[in-house]
Amino acid sequence: MTSLPSILGGLDPTSDRAVFRQIADQLREAIDRGRFKEGDKLPSEAELVEHYGVSRMTVRNSFSILQGEGLVHAEHGKGVFVRPRPPVRRLASDRFARRHREQGKSAFIVEADAASSQPKVDSLEVKEEKASQDISNRLGDSVRRVLARRRRYLLDGRPVEFATSYLPLDIARGTQIAEPNPGPGGIYARLEELGHQLDHFEEEIRARMPSPSEVKTLQLAAGVPVIHLIRTAFDTAGRAVEVCDTVMAADAYVLSYQLPAT
């Protein structure tokens, strides 16, 4: 490793900024400038204690700031490492293109291929249930019961999102959509085979901190937020045929959009 004095500066004793924040600032700048790259191990507590002449607790407080910002993660007994950048780019204008379904690929498979990652789906649950008021409003007030499909998505063994699709029973009951494996192209391919040609999608996106259960399900590190996305699929007749409620690890994705300039 390059010597610390050439990477990190010294403390400013005249500053009213707390020492542990000054150290965090310098480590953050070194990460931003690429002096510590993705996956690199940061200097150890002992090295930083020696370099700055501070206590171990001061250094730990500095690391905590960077962990809270999602820049680094700690591995017990190994050290603190720079967190990898998001590996998956979700291109909104392409991920639901019909050509992918015709090739037997779901949107997640397409994204995994683009990221050169190995996709997997687990925690699968398919059942009929009462629709919540929100889901009923989105699918149409007459929809009282739905088929719910819950699943967790993993890339190279790492959980990256958890999603639940809700479909009206008059569409999904007794079809392959109600099976654990809906077949090539996923549920959207099956919907179109059933005569519901997809016309457009509407998405609502917000960022927030995860619930305890989401932290567990997605195995999130401290300080990592989630992206909460709710998508409604409409057929060419204007009917809402599916609502998908998705929670994604924010450090796993870049959301990419193409917007018209008209």
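This is a predicted model: local features need pLDDT of at least 70, side-chain atom pairs count only at pLDDT 80 or more; totals for chains, interfaces and linings use all residues.
Visitor: Let's begin with the overall layout. Which domains does the assignment give for the protein chain?

Guide: Domain bounds here come from an automatic or database assignment. For this chain, the assignment gives domain 1 (4–82) and domain 2 (89–255). The centres of domain 1 and domain 2, taken over C-alpha atoms, are separated by 39 Å.

Visitor: What does the side chain of Arg149 reach?

Guide: For polar contacts, we look for N or O atoms within 3.5 Å of each other. The side chain of Arg149 has a polar atom 2.6 Å from the backbone oxygen of Ile177. That side chain also reaches the backbone oxygen of Pro180, at 3.1 Å. Sequence distance and spatial distance can be set side by side here as well: Arg149 and Leu124 are 25 residues apart in sequence, with 7.3 Å from C-alpha to C-alpha.

Visitor: And Asp235, how far away is the nearest side chain of opposite charge?

Guide: A salt bridge needs a side-chain nitrogen of Lys or Arg within 4 Å of a carboxyl oxygen of Asp or Glu. Asp235 is buried but has no salt bridge, and the nearest side chain of opposite charge, that of Arg239, is 5.9 Å away. Asp235 belongs to strand β8 (residues 226–235).

Visitor: Then which polar partners does the side chain of Asp235 have?

Guide: One is the side chain of His196, in a polar contact at 3.0 Å. Another is the backbone nitrogen of Arg239, which the side chain of Asp235 reaches at 2.9 Å. Setting aside neighbours within four places in sequence, the contacts of Asp235 are His196, Gln197, Leu198, Asp199 and Val241.

Visitor: How many aromatic pairs does a search of the whole structure find?

Guide: Rings pair if their centres lie within 6.5 Å. The search finds 1 aromatic pair. Tyr188 and Phe201 form this tilted pair, with 5.3 Å centre to centre and 55 degrees between the planes.

Visitor: Which parts does the pair tie together?

Guide: Tyr188 lies in helix α9 (residues 186–193) and Phe201 in strand β7 (residues 198–208), so the pair links parts that are 13 residues apart in sequence. Tyr188 counts as buried at 7% relative accessibility, whereas Phe201 is partly exposed, with a relative accessible area of 25%.

Technical notes
Residues are numbered from 1 along each chain as its sequence is written. Side-chain values use heavy atoms; hydrogens and water are left out. Helices (H or I, at least four residues) and strands (E, at least two) are DSSP runs, numbered from the N terminus. Buried means under 20% relative accessible area, exposed over 50%, partly exposed in between (1.4 Å probe, protein chains only). Lys and Arg count as positive and Asp and Glu as negative; His and the chain ends are not counted. A polar contact is a pair of N or O atoms within 3.5 Å; within protein, one must be able to donate a hydrogen and the other to accept it, and residues adjacent in sequence count only if both atoms are side-chain atoms. Contact means heavy atoms within 4.5 Å. Rings of Phe, Tyr and Trp (its six-membered ring) pair if their centres lie within 6.5 Å; planes under 30 degrees apart count as stacked, over 60 as edge-to-face and the rest as tilted.
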